[in-house]
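Hi everyone, thanks for coming.

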Amino acid sequence: MKITIKEIKVGLNFGSGVQSVGRLAIRNGIIYFEFDEEFRQSNLEISPLKLPLQSGVVELPKDPFEGLAGVFNDSLPDGWGRLLFDRMLRSYGISPTEVSPLDRLAYVGLNGMGALVYAPDQSPNGGNGIIDLDDLAAQTKDILEGESIEVINELLALNGSSAGARPKALIGLDAERKNIVHGVNHLRDGFEHWIVKFPNTQDGNDAGAIEYVYALMASNAGIEMPDVHLFPSQKSSGYFSVKRFDRDGNKRLHMHTVSGLIHSNFRLPSLDYEDLLSLTSALTKDIREVEKMFRLSIFNVMAHNRDDHAKNFSFLMNEFGEWKLSPAYDLTFSNGPGGEQSTMVMGEGKNISSKHLIKLGLEAKLSKEFIDDVFEQTHFALANWESLSKDFGVSDSNRELIQKSIAIFR
């Protein structure tokens, strides 16, 4: 395996070929970036707040992304994907501390999330065979428990550059949702790009079912959601899967997290939903997108999804430079730092009331009528928790715990 890459070419591929963006270089541990002149003339802003179009070489900040700009850090896997990559490095006798962010970007190569691509491309080759999810879940369990390194390359190929702590695989799924194939690369006709998740060591066997029910409730609450599916399992209540929103067939969209956009370390919660509504307005210039973010804030607070950190909100940009809020993702029952929301509401993190949320909406210039409608629709959607959780195999203990946590806000 080649490491110590000194320069990376950055491109955009919206599905019709690679457009050169610029180049990254590392010297004495410092990373620099320069836009291509032709790309500067395109007026496409891949990261308008922290890496706006400009001439000349830019020295990138050391923090919070190990010397990368946030837009490039968004291309790197974290959690599960980073664990796999570091395990692979050690199997070659390489310490992860010897590897720079540019080495990691080369491993993302042409197959990252979103539309950014990198050369040289050292990404692993994905297979084409049919996938058995129970077998794949067993392999991820072995890795998490520190056993078996034989399957690391296959799991790395399936992970792509997806982020998050829970093990996951990028798959291709047919219209009948029966045939599952490797889905990192270009898919053959009849298949679409999906992500499937597996439990980590802290999850119970019903983690997939809980996230699936949350996705159904969010959709009923009026939140824009990707298509979701709960695959049956011999070992659990099912595997949660979601259609990728950065792909439309083999067309690609540029994806940028809030964490990357504003250079916020998502592991150190410091954001307020007031910030997110303002950011949405400034980036999209569309009140309908602000309404989507507000609706999501109501759901997260009321549904006790407290892992609502800066990496769990993203924006999408098309080839014309138009931005919109991405569909919602990673919605599930969770506790935040110290039992608080990772993202505050009007300065409050733990004892958030309807008054805080109403004030949030009004200060964003949303109508009281709209705010009341969102509350009512969200209440109605969350009232289905008990029946839906029974239908999809959530354990009695988790069903009761979550029911009490949802009811606390009412």
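This is a predicted model: local features need pLDDT of at least 70, side-chain atom pairs count only at pLDDT 80 or more; totals for chains, interfaces and linings use all residues.

Okay, the big picture. The protein chain has 14 helices and 15 strands. Its radius of gyration is 21 Å, close to the 22 Å that the globule rule gives for 410 residues, so the chain is as compact as a globular protein of that length. If you'd like a box to picture, the C-alpha atoms fill one of roughly 55 × 50 × 40 Å along the principal axes.

How much of the chain is buried? Of the 410 residues, 55% are. The accessible surface comes to about 17,900 Å², and carbon and sulfur atoms own 47% of that. Now look at contacts between residues at least 6 apart in sequence: 67% of them join residues at least 24 apart. On charges, we have 42 positive and 56 negative side chains, and the centres of those two sets lie 2 Å apart.

Let's zoom in on strand E1, which covers residues 7–13. Five of its seven residues are buried, so E1 is largely enclosed by the rest of the structure. Which strands does E1 pair with? One of them is strand E2, residues 18–27, and that pairing is antiparallel over seven bridges. E1 and E2 form a hairpin, with four residues between the two strands. In that turn sits Gly 15, with a positive phi of about 115 degrees.

E1 also pairs with strand E5, residues 116–119, again in the antiparallel sense, this time over four bridges. Here the pair to look up is Leu 12, whose bridge partner in E5 is Leu 116.

Now, a residue in E1 that I'd like you to click on: Lys 9. Is Lys 9 buried or exposed? The cut-off for exposed is over 50% relative accessible area. Lys 9 has 57% relative accessibility, so it counts as exposed. Leaving aside residues up to four places away in sequence, Lys 9 touches Gly 22 and Arg 23, plus Val 117, Tyr 118 and Ala 119.

Next stop, strand E10, residues 239–243. Four of its five residues are buried, which makes it mostly covered. Strand E8, residues 191–197, runs antiparallel to E10, and three bridges join them; Ile 195 stands opposite Val 242 there. Strand E9, residues 228–231, pairs with E10 too, in the antiparallel sense over four bridges. In that pairing, Leu 230 has Phe 240 as its bridge partner.

Most residues other than glycine have a negative phi, and most peptide bonds are trans. With that in mind, have a look at these.

First up, the peptide bonds. The one from Asp 63 to Pro 64 is cis, with omega near 5 degrees. You'll find Pro 64 in the loop between strand E4 (57–59) and helix H2 (70–73). The bond from Ala 119 to Pro 120 is cis as well, with omega near 10 degrees. Pro 120 lies in the loop between E5 and helix H5 (133–144).

Then the phi angles. His 304 isn't a glycine, yet its phi is positive, about 60 degrees. It sits in the loop between helix H10 (287–302) and strand E14 (314–317). His 304 is buried, with a relative accessible area of 9%. Lys 365 is another residue other than glycine with a positive phi, near 70 degrees. Its place is the loop between helix H11 (354–363) and helix H12 (368–382). Lys 365 is exposed, with a relative accessible area of 70%.

Key
Residues are numbered from 1 along each chain as its sequence is written. Side-chain values use heavy atoms; hydrogens and water are left out. The radius of gyration is taken over C-alpha atoms; the globule rule is 2.2 Å times the number of residues to the power 0.38. Buried means under 20% relative accessible area, exposed over 50%, partly exposed in between (1.4 Å probe, protein chains only). Contact means heavy atoms within 4.5 Å. Accessible areas come from the Shrake-Rupley method with a 1.4 Å probe; for residues, only the protein chains shown count as cover. Lys and Arg count as positive and Asp and Glu as negative; His and the chain ends are not counted. The place of a charge is taken as NZ of Lys, CZ of Arg, CG of Asp or CD of Glu. Two strands pair if DSSP finds at least two bridges between them.
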